[in-house]
Each structure stands twice: as C-alpha cells, then as structure tokens.
Amino acid sequence: MYWCKIARTEAEYAEIARLNYDTFVEEIPQHQTNDSGTRVDPFHEQNTYLIVLSEMEVVGMIALRSERPFSLDLKIGKFEEFLPNAGKVCEIRLLAIRKAHRNGRVFFLLARALSDFCLEQGFDSAVISGTTRQMKLYGQLGFRAFAEPMGTGEAIFIPMVTTRRQYMDSVAARLQAKRRLFVPGPVALTKNSLLLFKNHLFLIDQQLFGKCDRKLTDYLRI
C-alpha cells in the first residue's frame with residue numbers, strides 16, 4: 001500500500017539522500033560517486049520534499065522550491081528571458097522512483113500531491129531541468145521544452161515548463177479528475193432518495209419529541 005506526505009523527519013531525509021544517490025549518481029551519472037552511498041542536495045534546506053512510502057520505506061520523491069536563484073538559473077541564466085509571463089514560479093527537481101515501484105501508481109500519487117501543493121501555494125507555473133530519460137513522465141505532467149538541451153553524455157537535460165493550463169490539459173490531471181474515493185459521501189441524491197431521507201428525519205424528530213414529552217411529563221408529576 002502506498003501513501004504520500006511531505007517529508008519532515010530525519011529518517012525520511014536520510015532515505016531521500018539514499019534515493020537521491022541511487023538515482024542521480026548511480027542510475028543517471030550526474031554527480032560523482034562517494035563511499036557513503038548518499039547525496040544531500042545543495043538546496044536541501046530550501047526544498048519541500050513530497051514523498052511516497054510503501055510501508056515505511058521512501059519509494060518515490062519529488063522536490064520543489066521557490067527561492068532564487070534556481071538551479072536552472074545557474075545553467076541558462078534568468079529563465080524570464082524565455083518565459084516573460086511565467087508569473088509566480090517554483091522549480092521542481094529530483095523526481096525519483098525506485099525501480100521496483102515504477103508501476104504508475106507512485107508517479108500518479110506524486111503528481112496529484114504536487115498539483116495540490118502548487119495550487120495551494122498559488123504558483124502559476126513550474127520549471128524543471130528534464131532528463132531525456134524521463135521525457136514521457138514530464139509530458140504527462142504537462143511540461144514542454146522552452147530552451148535548447150544542455151549537458152553532455154548520459155546527463156543531458158532540457159529546460160521545461162508547465163503552467164496551470166498545461167497541467168489541466170495533461171494526462172495526470174485527467175487521471176486525477178477520474179479518481180474515485182470509496183468513502184461515505186457526499187453523494188448526489190435523487191428526488192426519491194431525498195424524500196425518503198426527509199421522511200426518515202421527520203420520524204426521528206417525532207420519536208425524539210415523544211421521548212422528551214414523556215420525560216417532561218414524568219418530571220412534572222414528581
């Protein structure tokens with residue numbers, strides 16, 4: 001069973017550092033190897049991490065931050081030169097899912113949490129340095145390239161952006177709109193159901209009134 005949350009504990013941050021290393025050092029050779037098997041992101045203190053857990057293991061993560069300069073600023077300069085109408089922007093980074101859990105469900109949970117968080121924080125758009133290995137996933141979130149690819153070898157990245165409108169037209173948003181929650185209510189009532197419900201409430205009121213009336217009568221007789 002998977003569940004999603006904002007990372008807050010030292011244990012969760014330690015697992016994030018391991019997943020960061022496994023993904024962006026070993027799988028995607030973006031950084032140098034080390035003996036610790038962990039990598040703490042340079043922007044760790046500013047990051048908000050959305051994580052997906054299986055039991056108590058972190059199996060997926062994505063990070064975002066709104067403080068400038070973004071890592072993308074350091075690569076291409078101020079992105080406003082490419083996106084003059086970006087509005088309030090956050091940078092999304094470190095999308096990583098453990099190989100054994102790349103089944104679509106973890107990505108969907110991350111996408112849903114990310115969209116909810118960004119809307120709650122009032123962001124108009126989000127930028128990302130998209131690795132060429134995950135272009136399909138970025139596309140499902142509504143991301144589109146806005147500048148030329150950068151980097152070399154296996155670590156080539158593409159500056160990408162998604163906006164509220166682009167996200168709402170994305171695969172992730174359509175899946176989110178179709179999700180069904182198997183919990184009680186609220187549900188739409190038909191006219192017959194509503195009438196039965198009102199009658200039921202009326203009977204309950206009558207029964208309660210009768211009980212109160214009898215108790216009051218008994219009290220006055222004492």
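Me: Is Glu80 buried, partly exposed or exposed?

Reply: Burial is judged by relative accessible area: buried means under 20%, exposed over 50%, and partly exposed in between, with a 1.4 Å probe and protein chains only. Glu80 has a relative accessible area of 33%, so Glu80 is partly exposed. This is a predicted model, in which local features need pLDDT of at least 70 and side-chain atom pairs count only at pLDDT 80 or more, while totals for chains, interfaces and linings use all residues. Residues are numbered from 1 along each chain as its sequence is written, and side-chain values use heavy atoms, with hydrogens and water left out.

Me: With which residue does Glu80 form a salt bridge?

Reply: A salt bridge is a side-chain nitrogen of Lys or Arg within 4 Å of a carboxyl oxygen of Asp or Glu. The partner of Glu80 is Arg68, with the closest N and O atoms 2.8 Å apart. Arg68 sits in the loop between β3 and α2 (71-76) and Glu80 in the loop between α2 and β4, 12 residues apart. Helices (H or I, at least four residues) and strands (E, at least two) are DSSP runs, numbered from the N terminus. Arg68 has a relative accessible area of 38% and is therefore partly exposed. The peptide bond from Arg68 to Pro69 is cis, with omega near 0°.

Me: How many salt bridges does the structure hold?

Reply: There are eight salt bridges. One of them joins the side chains of Asp22 and Arg98 at 2.8 Å, N to O. Because Asp22 belongs to helix α1 (residues 10-27) and Arg98 to the loop between β4 and α3, this pair ties together parts that are 76 residues apart in sequence. Asp22, Glu57 and Arg98 are linked in a network of salt bridges. Another salt bridge brings together the side chains of Arg65 and Glu91, at 3.7 Å. Arg65 lies in strand β3 and Glu91 in strand β4, so parts 26 residues apart in sequence are tied together. Both Arg65 and Glu91 are buried.

Me: Which residues touch the most other members of the largest nonpolar core?

Reply: In soluble globular proteins, nonpolar side chains tend to be buried together. A nonpolar core is a set of buried Ala, Val, Leu, Ile, Met, Phe, Trp, Tyr and Cys residues joined through side-chain atoms within 4.5 Å. Here the largest such core has 30 residues, and Leu64, Ile92 and Phe143 touch the most other members. Among the elements that give two or more residues to this core are β2 (48-54), β3 (57-65) and α3 (105-121). The most comes from α3, with nine residues.

Me: Which residues have a positive phi without being glycine?

Reply: Glu55 has a positive phi of about 60°, and Leu94 likewise has a positive phi of about 60°. Glu55 lies in the loop between β2 and β3, and its relative accessible area of 60% makes it exposed. Leu94 is in strand β4 and, at 10% relative accessibility, counts as buried.

Me: Which element has the lowest mean pLDDT?

Reply: pLDDT is the predictor's confidence in each residue, from 0 to 100. The protein averages 83, and 79% of the residues score at least 70. Helix α7 (residues 191-221) has the lowest mean among the elements, 52, whereas β2 has the highest, 97. Over residues 180-185 the pLDDT is below 50. Where pLDDT is low, the predicted coordinates should not be read in detail.

Note on methods:
Contact means heavy atoms within 4.5 Å.
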